[in-house]
Each structure stands twice: as C-alpha cells, then as structure tokens.
Number of protein chains: 2
Amino acid sequence: MSVDDNPDAAEAVYASLTNSVRRLVDATIRSQVDLATIASVQQKIDAAADELCAALMPGSFGLPETSDGRTLTWGNAVIGVRNAFAPPLSVHHRSDGSVWTDVTLGAAYEGPAGHVHGGVCALILDHVLGAAAHKPGHPAVTGTLSVRYEAGTPLGPVHAEAHIDRVDGVKTIVVGALATSQGISVRAEGIFFHPPAAAR
Amino acid sequence: MSVDDNPDAAEAVYASLTNSVRRLVDATIRSQVDLATIASVQQKIDAAADELCAALMPGSFGLPETSDGRTLTWGNAVIGVRNAFAPPLSVHHRSDGSVWTDVTLGAAYEGPAGHVHGGVCALILDHVLGAAAHKPGHPAVTGTLSVRYEAGTPLGPVHAEAHIDRVDGVKTIVVGALATSQGISVRAEGIFFHPPAAAR
C-alpha cells in the first residue's frame with residue numbers, strides 16, 4: 001500500500017509511529033536508568049533509525065499533494081502528524097472565523113523550570129494566529145508577530161485561540177492568547193498579508 | 001556512575017543518545033519505507049522507550065543543580081542536550097555583550113515547503129535575545145517579543161545574533177536577527193526585565 005492508495009490509512013500508521021517517537025523524546029529527557037542502559041538503548045534506536053533510513057525522501061517533507069488534491073501537512077513543525085517535534089496541534093475553526101486549539105505540553109517544551117519555554121508559546125501563537133488569518137486557497141503570510149508575556153505558562157494543558165481583529169487595507173490584524181487553568185498567560189497580535197498567488 | 005559523580009561524562013552519554021533520537025525524528029518524517037516496516041520499527045522504538053521508562057523522573061527535567069553548583073539546562077526546549085526537540089542551540093557570548101549562534105535546521109523545523117516555520121524563527125530569536133539580556137545570577141524575564149518577517153528562511157544553516165540596544169529604566173531592550181546565506185530573513189526586538197530574586 002502506498003500513501004496515494006489510501007492516505008487516511010497511511011496517516012494512521014505514520015501518526016502511531018510518531019506518537020511512539022514523541023514518547024521516546026520525553027523518556028530521553030526524563031529517564032533515570034543507569035548510563036550503561038542508556039548506551040544500550042541508543043544502539044536499538046540507531047538500528048530502528050537505520051531501518052527507516054533505508055529509503056528517505058531528500059530534503060524535507062514539504063507540502064505534497066495527493067492524487068485527490070489534498071495537501072499533506074504531515075511534516076509541519078506545529079501540526080505535522082509525522083513530526084515528533086510537533087505536539088501536534090489540531091486547530092479548530094468556529095463559524096465566526098475564530099480558531100482554537102487545546103494541547104498538552106510536556107517536558108519537551110520546557111524553558112523555566114516547570115513552565116513552557118517562552119519561545120514555544122510564540123511558536124504556537126504564530127501558528128494559531130496564522131490559521132485565523134488563512135483564507136482557503138489564499139494562504140496568509142506573517143508580516144509581524146508581537147507577543148506579550150503576562151505570566152508564566154505552566155507545563156500541562158494549554159488552550160490557545162485567535163481571531164481577526166480588523167482588516168486595514170492589505171493588512172489583516174489578528175489577535176490571540178494562550179491560557180491555562182490559571183488564566184491567560186501570553187497575548188499576541190500579528191499582522192498578516194495575502195500576497196497574490198503569482199507572488200508566492 | 002551517577003550524574004553527580006561526573007556530570008561531563010554523563011552529559012556526553014545523554015547527548016549522544018539524544019542525537020540518535022534527533023536522527024530518528026528526522027527519519028520518521030522523511031522515511032519512504034513501506035508501511036509494514038513502519039509498524040515493525042514502531043515496536044522496536046516502543047521497546048527502547050520502555051527501557052528508558054523503567055525509571056523516570058516525575059514531571060519535567062527542571063533546572064537541577066549539581067553538587068558543585070552547576071545548573072543543568074539539559075531539558076531546555078532550545079538548548080537542552082537531552083531534549084531532541086532542541087536543535088540544540090549553542091549560544092556564544094562576545095566580549096562586547098552580544099551573543100550569537102550557528103545552527104542547522106532540518107526537516108523537523110519546516111513550515112512553508114523547504115523553509116523554517118515562522119514560529120520556530122520566533123522560538124530561536126526569543127531564546128537568543130533572552131541570552132543577550134541575561135546577567136549572571138540575575139536571569140532576564142521576557143516582557144514582549146516583536147518579530148518582523150522580512151523574507152522566508154530556507155531550511156539549512158542559520159545564524160542568529162542579538163545585543164542590548166538600550167536600557168530604559170527597568171526595561172532592557174534587546175535587538176537581534178536571523179540570517180542565512182541569502183541575508184537577514186527575520187528581525188526581532190524584545191523588552192526584558194530583571195525582577196529581584198525574591199519576586200521570581
């Protein structure tokens with residue numbers, strides 16, 4: 001079976017593998033087994049990676065299209081189901097145009113002790129604000145992103161949302177925020193553009 | 001051997017494991033082996049993770065201190081040598097107070113096809129600007145971060161640097177930029193504070 005035969009089935013297989021790799025990333029940070037075991041586990045990981053590397057696409061995943069016209073974002077650093085770096089975010093669109101996501105951020109996203117790295121907050125807000133600015137078939141390009149840190153963001157469940165605040169000529173201004181059970185921790189404003197297809 | 005007996009030797013063992021996990025993350029994105037092989041490799045990864053999970057510290061890595069007074073940033077999302085999510089960045093300090101880093105960003109950091117995710121650019125700049133604002137024993141807290149995207153950042157070698165632009169009362173204003181061989185792609189300005197130790 002190839003991806004094009006049945007993208008949904010392939011996606012499930014890849015997503016399952018990637019979830020296992022995410023668990024491994026977390027265990028790599030938090031493991032307290034002895035160093036001899038660490039070295040022995042590394043050999044097994046190298047062997048697993050060797051098997052995957054038997055056939056590798058060059059460069060990066062990109063944004064390939066399937067034969068039925070879907071664009072696969074599986075490699076994306078924030079939403080990619082094949083990217084263990086991505087939590088991954090699943091961004092939901094409301095009928096009023098606003099977007100939201102709920103995600104749990106663990107040890108891999110830490111900056112200050114017990115808290116999400118400020119840059120990870122910016123990474124997530126960049127993506128969520130961009131999703132709010134996105135128009136179907138007409139992707140938004142980020143001009144500027146301004147992030148205000150109002151409080152630390154504890155590791156754990158995080159909610160993010162964004163909506164278009166106003167359109168000013170060619171600029172689409174989007175605002176959003178990150179929140180935990182303790183309230184809003186980070187606010188963001190982004191200015192987005194929708195360049196004509198020929199300019200992209 | 002425990003970490004406290006010889007942190008440098010332990011760090012080398014962990015760093016080597018984490019580099020193997022980074023290679024696995026990359027292969028998970030780019031592998032073109034058939035789906036049956038993917039499923040079989042997943043079992044091996046699960047077994048490796050199980051071994052590491054035999055003893056796990058709770059929560060996150062945090063910022064533990066060794067018996068000789070070093071603070072270990074091994075879990076950090078940007079610079080952590082035990083964190084496969086981190087490239088990891090190695091931030092260098094110049095005698096004039098400016099900081100810089102050179103890093104190669106591969107498939108795991110992709111947003112637009114062939115380019116670094118804009119949020120990853122913000123993540124790196126947040127960390128590098130914070131490092132420029134940092135005073136020994138007196139960490140900087142980010143107030144705001146403003147990022148201006150001037151061009152796409154192709155995947156591959158990336159250079160980032162930052163310096164203190166000015167100090168205005170309690171605010172330290174830091175500026176920085178991300179560049180590739182094609183020139184500067186992203187600029188950033190951050191406002192940082194140095195709260196008294198009691199307030200942190």
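**Strands across two chains**

Modeller: Let me begin where the chains meet: strand E3 (residues 141-149) of chain A and E3(B) run antiparallel and are joined by five bridges. In this pairing Arg148(A) has Thr144(B) of E3(B) as its bridge partner. Please keep in mind that this is a predicted model.

Biologist: What makes E3(A) and E3(B) a pair of strands?

Modeller: Pairing requires at least two bridges between the strands, and E3(A) and E3(B) are joined by five, so they count as paired.

Biologist: What is the order of the strands in the open sheet?

Modeller: The sheet has twelve strands with antiparallel pairing, in the order E1(A)-E2(A)-E4(A)-E5(A)-E6(A)-E3(A)-E3(B)-E6(B)-E5(B)-E4(B)-E2(B)-E1(B).

Biologist: Which strands are called edge strands, and why?

Modeller: The name goes to strand E1 (92-93) of chain A and strand E1 (92-93) of chain B, since each of them pairs on one side only. E1(A) is joined by two bridges to strand E2 (residues 99-105) of chain A, and the two run antiparallel. With a cut-off of at least two bridges, this therefore counts as a pairing. Within it, His93(A) stands opposite Val99(A) of E2(A).

Biologist: How many helices and strands does chain A have, and how do they follow one another?

Modeller: Chain A has three helices and six strands, and from the N terminus on its elements run α-α-β-β-α-β-β-β-β. Its C-alpha atoms fill a box of roughly 60 × 45 × 25 Å along the principal axes.

**The interface**

Biologist: What is the extent of the contact between chain B and chain A?

Modeller: The contact takes 76 residues from chain B and 76 residues from chain A, and the area buried between them is about 7,200 Å², with carbon and sulfur atoms giving 62% of that area. Arg30(B), Leu35(B) and Phe85(B) supply 10% of the area that chain B buries against chain A, more than any other three residues.

Biologist: Which elements of chain B contribute to the side that touches chain A?

Modeller: Among them are H1, H2, helix H3 (118-133) and strand E3 (141-149) of chain B, each of which supplies at least two residues. The largest share, 15 residues, comes from H1(B). By type, the residues on this side of chain B divide into 41 nonpolar, 25 polar and ten charged.

Biologist: How many polar contacts and salt bridges cross the interface of chain B and chain A?

Modeller: There are 46 residue pairs in polar contact between the two chains, and four salt bridges are found across the interface.

**Salt bridges**

Biologist: Why is the pair of Glu51(A) and Lys44(B) called a salt bridge?

Modeller: The closest N and O atoms of Glu51(A) and Lys44(B) are 2.4 Å apart, and the cut-off is within 4 Å, so the pair qualifies. The pair crosses between chains, from helix H2 (residues 35-52) of chain A to helix H2 (residues 35-52) of chain B. Glu51(A) counts as partly exposed because its relative accessibility is 25%, and Lys44(B) does so at 40%.

Biologist: What do Arg70(B) and Asp8(B) tie together?

Modeller: Their side chains meet in a salt bridge at 3.0 Å, N to O. Arg70(B) lies in the loop between H2 and E1 of chain B and Asp8(B) in helix H1 (residues 7-30) of chain B, so the pair ties together parts that are 62 residues apart in sequence. In chain A, Asp8(A), Glu11(A) and Arg70(A) are joined into one network by salt bridges that share partners.

**A buried threonine**

Biologist: How do you know whether Thr172(B) is buried or exposed?

Modeller: Its relative accessibility is 4%, and buried means under 20%, so Thr172(B) counts as buried. Thr172(B) is found in strand E5 (residues 171-180) of chain B. Leaving aside residues up to four places away in sequence, Thr172(B) touches Ile164(B), Arg166(B), Val167(B), Gly190(B), Ile191(B), Phe192(B) and His194(B).

Biologist: What share of chain A is buried?

Modeller: Buried residues make up 50% of the 200 residues in chain A.

Note on methods
Residues numbered from 1 in each chain as written. Chains lettered and ligands numbered in written order. Predicted model: local features only at pLDDT ≥ 70, side-chain atom pairs only at ≥ 80, totals over all residues. Heavy atoms only, no water. Helix = DSSP H or I, 4+ residues; strand = E, 2+ residues; numbered from the N terminus. Buried < 20%, exposed > 50% of the residue type's maximum accessible area, 1.4 Å probe, protein only. Contact = heavy atoms within 4.5 Å. Buried area = accessible area lost by both parts, 1.4 Å probe. Polar contact = N/O pair within 3.5 Å; in protein donor to acceptor, adjacent residues only side chain to side chain. Nonpolar A, V, L, I, M, F, W, Y, C, P; charged D, E, K, R; others polar.
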